[in-house]
Amino acid sequence: MAKPGHSWSRPRAGKEEEEEEEGEDPLDARIARTGCLEQHRELQECMERHRDWRECQAQLRAFGACMARREHREY
């Protein structure tokens, strides 16, 4: 029986890529700049607890509304 996971190996990261992996998650950094990081974290925590996005509709709507307000302010 095959082992779970990928059967290929990842090439070694360059120094710049290693530094990025050790630092803050780039996606979290981008979301933080929107001002919606708290809503995003609440959504992540809900998903971790329930493992079902249908149980996290309130958090999903709050995050979506925050992002929509941010997008609206940019125009």
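Helices are DSSP runs of type H or I with at least four residues, strands are E runs of at least two, and both are numbered from the N terminus. Leu60, for example, lies in helix α4, which covers residues 57–74.

The model is predicted: local features need pLDDT of at least 70, side-chain atom pairs count only at pLDDT 80 or more, and totals for chains, interfaces and linings use all residues. Residues are numbered from 1 along each chain as its sequence is written, and side-chain values use heavy atoms, with hydrogens and water left out.

**Overall make-up**

The protein has four helices and zero strands, in the order α-α-α-α along the sequence. Of its 75 residues, 19% count as buried. Here buried means under 20% relative accessible area, exposed means over 50%, and partly exposed lies in between, using a 1.4 Å probe and protein chains only. The accessible surface comes to about 6900 Å², and carbon and sulfur atoms hold 49% of that area. Such areas come from the Shrake-Rupley method with a 1.4 Å probe; for residues, only the protein chains shown count as cover. A contact means heavy atoms within 4.5 Å. Among contacts between residues at least 6 apart in sequence, 34% join residues at least 24 apart.

**Helix α2**

Helix α2 spans residues 26–34, and its buried residues are Asp28, Ala29, Ile31 and Thr34. A polar atom of the Thr34 side chain lies 2.4 Å from the backbone oxygen of Ile31. Leaving aside residues up to four places away in sequence, Thr34 touches Met67, Arg70 and Arg73. Just after α2, Gly35 has a positive phi of about 85°.

**The annotated span and helix α4**

An unreviewed UniProt entry lists residues 36–68 as "domain: CHCH". UniProt positions are given in the numbering used here, feature names are shortened, and annotations may be inferred rather than shown by experiment. The span is 79% helix and 0% strand, and its end C-alpha atoms lie 10 Å apart. Ala62, in helix α4, is partly exposed because its relative accessibility is 34%. Ala62 and Leu43 are 19 residues apart in sequence, and their C-alpha atoms are 8.7 Å apart.

**Surface patch and salt bridges**

Met47, Trp53 and Leu60 make a nonpolar surface patch of about 290 Å². Patches are made of residues with over 30% relative accessible area and no salt bridge; like charges are joined within 9 Å, and nonpolar side chains (Val, Leu, Ile, Met, Phe, Trp, Tyr) within 5 Å. Leu60 counts as partly exposed because its relative accessibility is 38%.

A salt bridge is a side-chain nitrogen of Lys or Arg within 4 Å of a carboxyl oxygen of Asp or Glu. The structure holds two salt bridges.

| Salt bridge | N to O distance |
|---|---|
| Arg51 and Glu48 | 3.1 Å |
| Asp52 and Arg54 | 3.0 Å |

Arg51 is exposed because its relative accessible area is 63%. In the other pair, Asp52 is buried at 18% relative accessibility, whereas Arg54 is exposed at 57%.

Note on methods:
Polar contact = N/O pair within 3.5 Å; in protein donor to acceptor, adjacent residues only side chain to side chain.
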